[in-house]
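Biologist: I have a model open and would like to go through it with you. Could we begin with the pockets and then turn to the fold?

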Amino acid sequence: MALNLVAKVHPVVFFTIVDSYERRNPDAHRVIGTLLGTIGVDKGAVEITNCFCVPHNESKEEVAVELDFAKDMYELHRKVNPGEVIVGWWATGHEITDHSLLIHDYYSRITTSPIHLTVDTTLHGGRMNIKGYVSASMGVPGRTPGTMFAPIPVEVISYAPEIVGTSVTQKSKYIRQRIVEPTTDLHQIFEATQNMETTLDALISYVDDVLSGKVTADNYIGRELTKMVNQVPKMSAHEFEEMLNTNMKDLLMVIYLSQLTKVNVSLNEKLTMLVATQ
């Protein structure tokens, strides 16, 4: 039993779950699968980085899961990502059913304290609720023990490339065709700078309101602001400008070299085709 766990989930996990739900059989009410990730990177946290769907048949009387398929899929994932292990399982829906205990018992034999993640793809209550659970034993000593699902916190974390992909995906909300063209690196830097400027304006406005007494100070926000200020490097304006210009030059050089490589590859392909036709 590990009720102090925190499940840190990457966005690709939710994309895979939603995609599996959209591709489900017409008679399937929910979809289940295996969660992959790492344990022990952060104390008291499990990082969920990947997942895959496991076919199963479920009715009111029984549930049948294709365990051989789950085993084969896990072995294939281990060949690509040896560092990922099974950390639990996921299911679509907003509630835990009677069959969830049977499925959870299978994953309990594979890993210690497996996490059960539920993603409400039916939008019950008007939103896609995401909840995490671990099993905990309960009952009277000396009697038949029972099992309950205890909730645990779920946090969404992202790598830098995932943040870029998620930001581009969110833009499709405002386009009827749901298609967004990838932008250049400089345009992404421009958008990130604009977002940072907007955030700083909101932060400065909040600090001014607290100092003037319009808003009650929040201790948590104060600690986070102090932590953020302490992370700012101690340098003069001239040193900061020099560092920024140097990084910008490096970025422009990388862009130039990538474009030059692309032109060389294209030219080589055309020369090869020309030689082959002669």
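Biologist: How much space lies in the largest pocket?

Modeller: This is a predicted model, and in it the largest pocket holds about 710 Å³ of space.

Biologist: Which residues lie nearest the centre of that largest pocket?

Modeller: Ala-28, His-29, Arg-30, His-56 and Glu-58 lie nearest the centre, out of 28 residues that line the largest pocket.

Biologist: Which element gives the most to the lining of the largest pocket?

Modeller: That is β4, with three residues. Strand β4 spans residues 56-58, and α1 and β3 also supply at least two residues each to this lining.

Biologist: And how do the residues of that lining divide by class?

Modeller: The lining of the largest pocket has 12 polar, nine charged and seven nonpolar residues.

Biologist: Now the second largest pocket. What lines it?

Modeller: Its lining consists of Pro-11, Phe-14, Phe-15, Val-18, Met-128, Ile-130, Val-156, Thr-166, Thr-169 and Gln-170. The largest share, four residues, comes from α1.

Biologist: How much space lies there, in the second largest pocket?

Modeller: About 320 Å³.

Biologist: What is the make-up of the lining of the second largest pocket by class?

Modeller: It has seven nonpolar and three polar residues, with no charged residues.

Biologist: Let us move to the sheet. What is the order of its strands?

Modeller: It is an open sheet of eight strands with mixed pairing, and the order is β9-β8-β7-β6-β2-β3-β1-β10. The strands β9 (146-152) and β10 (154-156) stand at the edges; each has a single partner strand, so one side of each is left without a neighbour in the sheet. From one strand to the next the twist averages 35 degrees.

Biologist: In which sense do β1 and β10 pair, parallel or antiparallel?

Modeller: Strand β1, residues 6-9, pairs with β10 in the parallel sense over three bridges. Within that pair, Ala-7 stands opposite Val-154 of β10.

Biologist: Which helix lies across β2, β3 and β6 at about 125 degrees to β3?

Modeller: That is helix α2, residues 67-80. Helix α1 (residues 11-22) runs at about 20 degrees to β3, and lies across β1, β2, β3, β6, β7, β8 and β10.

Biologist: What about α5 and α7: at what angle do they pack?

Modeller: Helix α5 (residues 185-212) and helix α7 (residues 237-277) pack at about 150 degrees, and their axes are 11 Å apart. From α5 the contact takes Asp-185, Leu-186 and Ile-189, and from α7 Met-248, Leu-251, Leu-252 and Ile-255. By class, six residues of this contact are nonpolar, one is charged and none is polar.

Methods:
Residues numbered from 1 in each chain as written. Predicted model: local features only at pLDDT ≥ 70, side-chain atom pairs only at ≥ 80, totals over all residues. Heavy atoms only, no water. Axes fitted to C-alpha atoms, helices over the stretch in contact; angles between N-to-C directions. Contact = heavy atoms within 4.5 Å. Nonpolar A, V, L, I, M, F, W, Y, C, P; charged D, E, K, R; others polar. Pairing = 2+ DSSP bridges. 1 Å grid on protein atoms, 1.4 Å probe; cavity = no way out; pocket = protein on both sides within 12 Å on 5 of 7 lines; lining within 4 Å. Points joined across faces, edges and corners; volume = space filled by probe spheres on them.
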